[in-house]
Amino acid sequence: MNTLQHAWQRARRRRALITLLLGLPWALAATVLALRLAGFDIACVVGTVSLLACAALATARSRQLDPQWVQRQLDAGGASEDSADLLFADIATLNPLQQRQRAHVLATLERAAPDLRPRWPRRPLALSWVAGLAIAALAFGWPRSSPGSAPPRTTTPGSTAVAGLLHLQSTRLRIDAPAYTGQATLTQNALDAKVAADSRLSWSLRFDRTPDKAWLQFHDGRRLALSEHDGQWQAQDVARMPVLYRVVSEPALAGTRLHRLDVVADRAPSVRVLEPAASLVLGTPGQRQWSLRFEASDDYGVAAQATLSITTTQGSGENITFVKRSVSLAGSGEPTARRFAHTLDLAALGAQPGNDVIAQLEVRDNHAPIPQTGRSSSVILRLPSAEVALGAELEGRIKKTLPAYFRSQRQIIIDAEALIRQRRSLAAEDFVKRSDAIGVDQRILRLRYGQFLGEESEGAPKPPPTSDLPTSDTPAADDHHHDDDHDHGAEAGAHDAHGHDHGGKAADADTPPVFGSATDVLSEYGHTHDHAEAATLLDPQTRATLKAALDQMWSAEGELRQGRPEQALPFAYKALGFIKQVQQAERIYLARVGPELPPIDEGRRLGGDRAGLASRELPLAARTPPDPAIVEAWQRLGDGTATPDLDALASWQQRNAAYLPDALDLAAAIEQLRIEPGCRDCRQRLRAQLWRALQRPLPQAMRRSADDAMGQRYLDALEAQP
């Protein structure tokens, strides 16, 4: 059965091929006739339709070879023994005898496969090709009609002029873009185009009859002659700037129009920095590498190789030196959007702390003969010096020099708990020393908070009490301070060396304030003169809470100084709780000081003295007035009576093309009015383009309206007053 199927398909293909070979010469003849009579466009349509018709006819004729045709062919050849209908019947419907006969016929066909292909019609094929080629040759070789060979006609002058107009039968514009653009050659029928700069343009025009001469007239006055070659009028040029042009011939061409040729210049590549995100990056101490990523884009493609410029600055002040290097990078990705990545080895560049590393990527496009370059913005890596790095860690730096100012009750608790955990690993003497150091910190913190209650530094003489009962300025905590002086005089002296002792010596008025001292800040900016005045800034409840915190600090300090941090922790926790309550209280009240304005001189008010007053008129810069000829042309176009000088307008347009909003639109309006002088729409279009080209007048202030009778009486009454 497979052999029969193959034979059947070969027969169908032979029938379709015969049909195509018979129809192709007639399709060729029809296409050539259409090209000769109606032009290239009509010929393309006729050729396409003819080929589609031949293909449809071949498909239809091949489908005529159906199963009934196969049965007739097999029965006529005798190979099927008149049982070909059994081959295409359903086996389930056949009786045993019919099935045996069907198997016998299939075996016979397998041994000797039948050839069902139709024979080649040699005579019809030869006649078709000879006739088609003859028609095509006659169409090409038939002589063209020319003006000299046309018989003379006796017609009126008007009808002769109409009969003498030429018509364009076909137009073709071929655009060969420069090789660096990667664009394929484009052939189009329209004469308007938008092409890349330096593209080679080839025009091919066909007229209904041969003109005496023809050329392309550009709006800037340039002419490009058309030369005839095999009935085609051709010309070539290179697109360098946008132009308007039209086809001109002798005799005149009917229905001529302007065509626009826009030229797109190749843009320089642009480079964008992907990493780092900021132009100035502050390095980290010990940084060894710096990753850079760029993306370069171009309209036609970026070169695969780029140059990374690296500048390293060394030194400081006026002794700065620059070391420049260049690294070649290979890009990845599409040619129109390539990415470049590189990781700088700062050690190999010799970059040291305090230096700057400046990177900039330069890429080139594929423009020929001279590539265009594009550069990225500079990115700077600033490596911090040792001093800057130390200054950045402000907290750690000040802890080394002034640890007392940044101690807190929470930190004292943390240090005490850490010391308790390390008891087993420390010697007894070291354990006591460290506990005593924490106790010193607790003492310093206690003294700092005590200043807000008006307490003097330890070791200073106390003011004599005015009564037997303690006052608010001499709290009971002072007794503890006094006792502490007897117990820890050495620590108090060390504390006074740090500047925390405000007693013992009278403070000099010119002594600068000590950093971190709350009373010194208040003394300088809050006009406080002693601790008693500072204590009055706290409300009674807050003072009581702070006093309780100082008591707990005193107890914690005593335990720590004796080497017993476990017994000091409960007092330290209670002091922390009281301090939190004090922080949440409204405890300081400062007077609000208003601005000190200069006094007003009452003698100058409403005095009428105008001495020293000058005119406030701002000078106006002179503006170049518009060309009077252009203004006159715009007015003439609005009147509709006279046509302005189009040559003068064209010259003005060429001189000012760089400053006009759309120079080609204005040139098109001028040329269109030149072609159709009586066109009212063309006049209005040119007038609109001239209005866009004229400079806008400056806005002026509106004049005040004249005074009415009531207003005049009011002014007269003002002047009449003494």
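Trainee: In the hairpin of β5 and β6, which residue takes a positive phi?
Mentor: G221, with phi near 95°. Four residues lie between the two strands there. Strands are DSSP runs of E, at least two residues, and helices are runs of H or I, at least four, both numbered from the N terminus.

Trainee: What kind of model is this, and how are residues numbered?
Mentor: It is a predicted model: local features need pLDDT of at least 70, side-chain atom pairs count only at pLDDT 80 or more, and totals for chains, interfaces and linings use all residues. Residues are numbered from 1 along each chain as its sequence is written, and side-chain values use heavy atoms, leaving out hydrogens and water.

Trainee: Back to β5. How many bridges join it to β6?
Mentor: Four, and the strands run antiparallel. β5 covers residues 213–218, β6 covers 223–229. Q217 has R223 as its bridge partner. Two strands count as paired if DSSP finds at least two bridges between them.

Trainee: And which way do β5 and β8 pair, parallel or antiparallel?
Mentor: Antiparallel, over six bridges. L216 is partnered with V247 in β8.

Trainee: How many residues of β5 are buried?
Mentor: Five of its six. Buried means under 20% relative accessible area; exposed is over 50%, and partly exposed is in between (1.4 Å probe, protein chains only). Across the 722 residues of the chain, 33% count as buried.

Trainee: What is the strand order in the open sheet of nine strands?
Mentor: β2-β1-β4-β7-β6-β5-β8-β9-β3, with mixed pairing. The edge strands are β2 (186–188) and β3 (193–196), each pairing on one side only. Neighbours are turned by 25° against each other on average, ignoring direction. Axes are lines fitted to C-alpha atoms, for helices over the stretch in contact; angles run from 0 to 180 degrees between N-to-C directions.

Trainee: How does β3 pair with β9?
Mentor: In the parallel sense, over four bridges. A196 partners V264 of β9.

Trainee: Which helix lies across β8 and β9?
Mentor: α20, residues 663–675, running at about 20° to β8.

Trainee: Now α19. Which residues are buried?
Mentor: L646, L649, A650, W652 and Q653. They fall within an arc of 165° seen down the axis, so they line one face of α19. That arc is taken from the directions between the helix axis and the C-beta atoms.

Trainee: What do they pack against?
Mentor: α18 (628–639), α20 and α21 (680–693). Contact here means heavy atoms within 4.5 Å.

Trainee: Switching to α17. Why does its end-to-end distance agree with its length?
Mentor: At 1.5 Å a residue, its 19 residues (565–583) should span 27 Å, and the end C-alpha atoms are 26 Å apart, which agrees. The expected span is 1.5 Å times one less than the number of residues. Its buried residues include P565, L569 and V582. Among the elements covering them are α10 (409–421) and α16 (540–561).

Trainee: Last one. What is the order in the sheet of four strands?
Mentor: β10-β12-β16-β15, open and antiparallel. β10 (270–275) and β15 (332–334) are at the edges with a single partner strand each, so one side of each has no neighbour in the sheet. The twist averages 20° from one strand to the next. Three bridges join β15 to β16 (337–345), and E334 partners A337.
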